[in-house]
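Colleague: I would like to learn how to read a few features of a protein model. Could we go through them one at a time?

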Amino acid sequence: MFIDFEGIDGSGKTTLSNLLAARLKRLGYKVAHAREGGELQSPTARRIRDLTRDAKLLEMGPRAEFFLNLARDAQQLEEIIAPALKRGDVCITDRYLYSQLALTGGGRGLKEEQLLPSCELASQGLWPDLVILVDVDPDLARLRKRLGKVQSGKVNDADSRKGLVGAGLAVRVREAFLAQARKDPARWIILENNDQPLRVLEQRLVDAVVARLEGREQPVQRLVPAPPPPGAVSVDDVEERFFQAVDGLEAREPQLAAWLLNGIPGLPAHQRRLAYAERLPGLVARSLNGLDDDTAWTLRDVLSASVPVDVAEGLGFVTSPRSHALRQRLYAQAPAAVLEGLKRQDSPEAWALRERGLKDGHLGAVLLGLVGVDGEESWVVREAGMQRKLYSEVARSLGGLSTERAEALRDALIPHDRLAVLKSTTGLETPVAVGLREHLEKGALKLVLRSLTGVDTPRAWAMRERGAQSTKEALDAVDGMDSPAAWKLRASAARRWPATVVSSMRGLPLVAETRALLDRILEEQAGKLPVLRNAYAVVAHARALEQAQRPARALAETLGVDAGRQEA
C-alpha cells in the first residue's frame with residue numbers, strides 16, 4: 001500500500017507519518033518511509049529541495065519551481081517509493097505530487113489543469129492508495145512552527161523562498177488541499193490536528209490505516225470532527241476564556257501553552273509561568289520577553305543559572321539598570337545572546353559589553369546588537385565587519401538609521417545580501433528602502449510589508465492595501481498605529497486575517513474603537529486559540545499601560561497639572 005501525508009507546513013504531518021510508520025512496524029508490517037525522520041531518503045532529492053528553498057533565488061518563477069519540485073518527487077519515486085512497493089512494503093511519503101498541485105495551483109495561482117499532465121508524467125501512473133490530509137488552522141500551525149524553531153535553536157534561521165511570500169501562501173495551499181480531498185473522497189482522509197492530544201490522533205490514524213490494510217471498509221470522514229464552536233467571547237471575558245484555553249492545552253501541548261504566554265504581562269500569566277518554570281525553564285524565560293515588573297525579574301534571577309541563553313533572549317528591549325546588571329552576569333554563559341540584545345542602546349554600559357565582546361571574538365554578535373546606534377564607535381565596528389565580509393550582520397546593524405552614511409553603506413551591501421538590507425529599512429522611507437520594496441515586492445512580500453511598520457506615507461498605504469489581498473503581513477505593518485488609514489485597513493481585513501488584525505492593536509489603549517473591533521472579531525472567531533491569545537495580549541498590555549500611568553496622573557492631579565499635556 002502507498003500512503004501519502006499532505007498538509008501545510010506546521011500541520012504535524014511529518015510527526016504523524018513517522019509515528020504511523022513506527023506503529024505499523026511494531027504490528028509486523030514491512031514499512032518504508034520515503035522521508036524517515038523528516039529527511040528525504042534520496043540524496044538527489046535532498047539537493048533539489050535545497051535549491052527550491054534557497055532564499056537568494058528570488059527570481060525563480062513558479063513554473064521553474066514547479067518543475068524542480070516535480071523532479072524531486074520523480075527521483076523519490078524512482079529511487080525509494082517504487083522499489084519499496086515492488087518489495088511488497090507499505091510505503092509512506094511525507095508530501096507527493098499533490099503538494100505541487102496545491103503549492104503551484106492554489107498557492108502560486110497557476111491553473112491546475114495546466115499542471116496535471118506534467119504530474120502524470122512524473123508519477124508514471126503511480127498515485128497513493130490513501131492520502132492523509134493533516135488539516136490545521138494556519139495561525140496555529142505558524143505558532144507551532146515558531147515554537148519548534150525556538151526549541152531547536154533555529155529561531156534566527158533565514159526564511160525559505162516559500163516563507164518569504166508571506167503567511168497567506170499557507171492559507172491558499174490549505175484551501176487547495178481541501179478542494180483536492182473533496183474531489184476524491186474515497187482516497188483522502190482528513191485528520192484534524194487543532195485541539196486533540198497527539199496520542200489520540202496517532203491511535204485513530206493507526207486504526208483507519210490498519211482497516212484499509214486488512215480490507216475492511218470504513219466510512220470516509222474526518223477522523224477528528226471539528227467540535228462545535230463555544231459561546232461568544234467579548235473583551236470583558238477574554239481573560240477568562242484565554243486562560244481556560246491555555247489550561248486545557250497544558251495537558252496535551254505544555255510547550256505551546258507556555259509559549260502562548262510570550263510577552264504577556266499580569267498576575268494570571270505569571271502564575272502559570274511559575275507553574276511551568278521547573279519543567280520548561282527555557283520557554284518560561286523567553287516568555288518574559290520585554291517584561292519589566294518585579295515578578296519577571298525574580299523569575300529571570302531564578303532561571304539565569306540553568307538557561308542563561310533563554311534568559312538573555314527573553315530580555316527583549318528592556319534597558320533598565322536591572323537589565324544592564326543581568327546582561328553583565330549572563331555574558332560569560334551567553335555572550336552572543338547578550339551582545340545581540342543591545343539594540344538601540346548607546347550607553348557606557350552597553351559599550352563596555354561590546355568592547356568585551358570584540359576582544360573575545362564576537363564581532364558578528366556585536367554588529368547584530370548595533371541596530372539603532374549611530375555614534376562614531378559603531379561605524380568603526382561596521383568597517384571591521386565589512387573587512388571581515390560579515391555583510392549580513394553589517395546590513396542588519398543599520399536598522400533604524402536613515403542618515404546619508406547609512407544609505408551609502410546599504411547601497412554597497414545590496415549585491416551581497418539584499419534581504420538583510422531590506423530588513424534594515426523597517427520603519428524608514430529612504431530611497432534605498434523604496435527601491436528595494438518595489439524590486440522585491442513579488443519575491444519577498446513578507447519582508448517588504450514588515451519593513452513598512454510605522455511608515456505613514458501614501459506609497460506605504462498603497463502597498464499595504466495590495467498586500468492585504470494575499471497575506472497577513474500587511475497587517476503586521478500597522479502594529480500599534482492609530483491613524484484613520486490603519487483602522488480602515490484593520491476593518492477591511494478582519495475576516496481574512498483576524499488574528500493578525502488583533503495583534504496589530506497591541507500597545508493601543510482600550511478606547512471605544514479598539515474594543516468595538518476586538519468584540520467583532522472575538523464574536524466571529526469564537527474559540528480560535530490564536531485570536532484569543534492575541535486579543536488577551538492587547539487587553540493585558542492596555543491594562544499594564546493604564547496601571548503604569550496612574551501614579552503620574554495622580555501626581556499631576558495633586559499639582560494641578562494637565563497629565564495628558566505633561567506626557568506629550
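Colleague: Where does Arg344 lie?

Modeller: This is a predicted model. In it, Arg344 lies in the loop between α17 (335–340) and α18 (348–359). Its phi is near 60°, a positive value in a residue other than glycine.

Colleague: Is Arg344 buried or exposed?

Modeller: Exposed means over 50% relative accessible area. Arg344 has 52%, so Arg344 is exposed.

Colleague: What does the side chain of Ser123 reach?

Modeller: Ser123 belongs to helix α5 (residues 112–123), and its side chain reaches the backbone oxygen of Glu120 at 2.9 Å. Ser123 counts as buried, because its relative accessibility is 0%. Apart from neighbours within four places in sequence, Ser123 is in contact with Leu77, Tyr96 and Leu97.

Colleague: How do helices α1 and α9 cross?

Modeller: The axes of α1 (residues 13–26) and α9 (residues 198–213) come within 10 Å and cross at roughly 55°. Therefore α1 is oblique to α9. The crossing is right-handed.

Colleague: Which residues meet there?

Modeller: Those from α1 include Leu16, Leu20 and Arg23, and those from α9 include Leu201, Glu202 and Val209. By class, this contact of α1 with α9 has 11 nonpolar, 2 polar and 3 charged residues.

Notes. Residues are numbered from 1 along each chain as its sequence is written. This is a predicted model: local features need pLDDT of at least 70, side-chain atom pairs count only at pLDDT 80 or more; totals for chains, interfaces and linings use all residues. Side-chain values use heavy atoms; hydrogens and water are left out. Axes are lines fitted to C-alpha atoms, for helices over the stretch in contact, and angles run from 0 to 180 degrees between N-to-C directions. Helices (H or I, at least four residues) and strands (E, at least two) are DSSP runs, numbered from the N terminus. Angles under 35 degrees count as roughly parallel, over 145 as roughly antiparallel, 65 to 115 as roughly perpendicular and the rest as oblique. A crossing is left-handed if the near helix is turned anticlockwise from the far one by less than a right angle, and right-handed if clockwise. Contact means heavy atoms within 4.5 Å. Ala, Val, Leu, Ile, Met, Phe, Trp, Tyr, Cys and Pro count as nonpolar, Asp, Glu, Lys and Arg as charged, and the others, Gly among them, as polar. Buried means under 20% relative accessible area, exposed over 50%, partly exposed in between (1.4 Å probe, protein chains only). A polar contact is a pair of N or O atoms within 3.5 Å; within protein, one must be able to donate a hydrogen and the other to accept it, and residues adjacent in sequence count only if both atoms are side-chain atoms.
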